Amino acid sequence: MNVILIVVDALRKDRVGAYSGNNNSLTPNIDEIAKNGTMLMNHITVLNGSAPVIVSLFTGNYPKKHGIHENGFKFPDNFKTIPEYLNENNYTSCGVVSSGIISSLYNFNKGFKYFYDNSKYDKLTLWAKKQGTIRYKIRKFLRNTLFKFGFFNKFVVTYDKTNKRILDWLDVHHNKNFFLYVQYFDIHEDTYGERNKSKDKIKNYDENVKIVDSAIGEIINKLKQLNIFDDSLLIITADHGEDLEEGQHGRNISEDEFGVPCILYKSGLIPIKKVDNLTRVIDLLPTILDLNNLILPNNIDGISIKKSVFEDINLVDEVFLESYSLFGDIKGIRTKEWLYTLRNGNEEELYNIMNLKNDVAKENKDLCLKFRIKVKNHFSIKYEPGERDEYTKQMLSKLGYVK
Ligand SMILES: [Zn+2]
């Protein structure tokens, strides 16, 4: 069975027709896959920045464990990746990425036999990075200048270039058992505003969602043409969502940025259904291995959610969340019912998933304390004396020492 993992950078769940139920869907090709596969309805990412999430997805670990919390850092050498697990089991592997921050310059080709990215843009951003924090201004200037003078397509890997690489690779390698990883960047804040001249950010975003959906349609057609579609496990997901009011991500913890689409499809294997149980981006690695009947690693944070997909068994009670640290310190936790956030170690917000507009932290002090202790425990944040007492009490009670 081939495994094809498509990550659409910054794709919001509500922009996928199969999730929104919108009649005028922006994503007919993704919808068709969703209609015949499993839709994870509460699939949660762990951070709202690309590189840290890709490291989490490929290693099955929280950022707390692998140590990457921002873009511009190297993929750590000491964690085994999806292609490395699959290579050991007679797979060949190919990655085609469109964004510099997850390119081979940053070691994101780790474990791949074939890897395609864009060195021109990568080198430019790497140079900008060396200029210190001013890099964001330089990057913005470069982008604006490049795009204004029509160099956009030269420096950014757009969907058409990405697809050409994929189709060419498939032509040569489709006879082998393969793992193919694709990342589209066209929807990302860096690019969607630039290609479309409209000043309406949301319109630009939506137009690019359509473009990427048609690119995915092209890949699916190719798989059908090559007669390998029925033998392929397809996973379509996003690394994080987007705050459309701000036209960016990473500044806050919200359901729009952390609740991401994730669709699994494989003819004759994956059931047609919607899974409401919580699942996490870190669970994809063990799930892919499990669906291939391979041995699961026992030293990672993620778990196989195969039983959630096939038997509706609840396996995940909570997901720990962190915002992009450059823009501020916000940590959080998401359960099936609640979204709790902790800003600067002490400012709390609490939302019921059914009503994300109303902060109900003040009315739910006990619940907040429980979540605060869990969040502090996960992120190793120092406890206040009272919290430690409560935490100790809970731990002791768990162990049966306190009635
Ligand atoms: Zn991203």
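Trainee: Which domains is the protein chain divided into?

Mentor: Welcome! In this predicted model, the protein chain splits into domain 1, covering 2–118 + 156–316, and domain 2, covering 329–398. Taken over C-alpha atoms, the centres of domain 1 and domain 2 are 30 Å apart.

Trainee: How many residues does the contact take from domain 1 and from domain 2?

Mentor: Domain 1 gives eight residues to the contact, and domain 2 gives nine residues. On the domain 1 side, the elements that supply two or more residues are strand 2 (38–44) and helix 12 (255–258). Sorted by class, that side of domain 1 has four nonpolar residues, two polar and two charged.

Trainee: Let's turn to strands. How do strand 10 and strand 11 run, and how many bridges join them?

Mentor: Now the case here. Strand 10 (residues 330–334) and strand 11 (residues 338–343) run antiparallel, joined by five bridges. Strand 10 and strand 11 form a hairpin, with three residues between them.

Trainee: And which strand do six bridges join to strand 11?

Mentor: That is strand 12 (residues 347–352), which runs antiparallel to strand 11. Here, Leu342 stands opposite Glu348 in strand 12.

Trainee: Which residue takes a positive phi in the hairpin of strand 11 and strand 12?

Mentor: Look at Asn344, whose phi is positive, near 50°. This hairpin has three residues between strand 11 and strand 12.

Definitions and conventions: Residues numbered from 1 in each chain as written. Predicted model: local features only at pLDDT ≥ 70, side-chain atom pairs only at ≥ 80, totals over all residues. Domains from an automatic or database assignment. Contact = placed C-beta atoms within 7 Å. Helix = DSSP H or I, 4+ residues; strand = E, 2+ residues; numbered from the N terminus. Nonpolar A, V, L, I, M, F, W, Y, C, P; charged D, E, K, R; others polar. Pairing = 2+ DSSP bridges.
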